[in-house]
Amino acid sequence: MASALSESRISVDHIPVKLIIAGPFGVGKTTMVSALSEIKPLNTEEVLTQAGTLVDDLTGVNEKTTTTTAIDFGRLTLPGVVLYLFGAPGQTRFQVLWEELARGALGVLVLADTRRIDDSFAVLDLVENAGIRYAVAVNHFPDSPAYPPEALRQALDLDPRTPLLVCDARDPVSARASLIALVEHIKELMS
């Protein structure tokens with residue numbers, strides 16, 4: 001039923017666009033895909049096991065009880081474009097999956113967390129090495145320290161042209177604004 005309703009919103013005039021939402025473990029990728037998707041999102045969250053806690057660094061996310069074991073998927077229709085959203089796991093052991101997922105992607109929204117800014121570097125390296133256009137959205141958690149945009153840009157070593165936003169991945173309006181900034185950035189680079 002939900003699928004039929006959603007399908008009616010997409011016409012042949014909508015350009016399909018594949019986007020990836022990437023970031024380190026526990027940064028809010030699954031939350032953002034769920035907040036944005038107009039269809040029931042596919043997510044592969046599983047309970048974090050004792051063995052998993054030995055592999056995934058819980059520093060800064062001690063209350064996290066689940067982890068994404070594959071990908072998240074959702075869809076969002078905007079005027080003239082339908083975004084196919086793929087949440088990519090941020091752990092380096094999923095690098096092969098990430099490389100396959102990146103094929104055909106028009107852009108990546110990299111989520112960062114100021115409590116663990118260093119954890120973003122591996123994902124930024126993956127994205128930059130793949131040559132995919134990207135924007136960075138700092139997901140603001142209640143206990144995360146706030147920094148001025150220039151300090152964040154410097155800490156993340158971002159090009160001045162790379163969009164940098166602060167968002168709340170739980171809030172569809174905020175998450176949508178981040179995606180729109182990414183799409184606008186892509187359009188600008190392609191024109």
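**Exercise 1. Which residue in E8 does Ala 137 stand opposite?**

Before you start: this is a predicted model, where local features need pLDDT of at least 70, side-chain atom pairs count only at pLDDT 80 or more, and totals for chains, interfaces and linings use all residues. Residues are numbered from 1 along each chain as its sequence is written, and side-chain values use heavy atoms, with hydrogens and water left out.

*Solution.* 
- Find strand E7 at residues 134-139. Strands (E, at least two residues) and helices (H or I, at least four) are DSSP runs, numbered from the N terminus.
- E7 and E8 run parallel, joined by four bridges. Two strands count as paired if DSSP finds at least two bridges between them.
- Now look across from Ala 137: you land on Leu 165.

**Exercise 2. Work out the strand order of the open sheet, and find its edges.**

*Solution.* 
- Walk across the six strands and you get E4-E5-E1-E6-E7-E8, with mixed pairing.
- The edge strands, each pairing on one side only, are E4 (72-78) and E8 (164-167).

**Exercise 3. Describe the surroundings of strand E6.**

*Solution.* 
- Start with its neighbours. Four bridges join E6 to E1, and the two run parallel; Ile 21 has Leu 109 as its bridge partner in E6.
- Five bridges join E6 to E7, also parallel, and Val 108 stands opposite Tyr 134 in E7.
- Next, check burial (buried means under 20% relative accessible area, exposed over 50%, partly exposed in between; 1.4 Å probe, protein chains only). Six of the six residues of E6 are buried.

**Exercise 4. Why do the buried residues of helix H4 line one face?**

*Solution.* 
- H4 covers residues 95-102, and its buried residues are Trp 98, Leu 101 and Ala 102.
- Look down the axis of H4: these residues fall within an arc of 100° (taken from the directions from the helix axis to the C-beta atoms), so they line one face.
- An α-helix has 3.6 residues a turn, so residues three or four places apart point the same way.
- Finally, see what that face meets: the buried residues pack against E1, E5 (81-87), E6 and H5.

**Exercise 5. Which residues have pLDDT under 50?**

*Solution.* 
- pLDDT is the predictor's confidence in each residue, from 0 to 100. The protein averages 86, and 82% of the residues score at least 70.
- The stretch under 50 includes residues 1-5.

Note on methods: Contact = heavy atoms within 4.5 Å.
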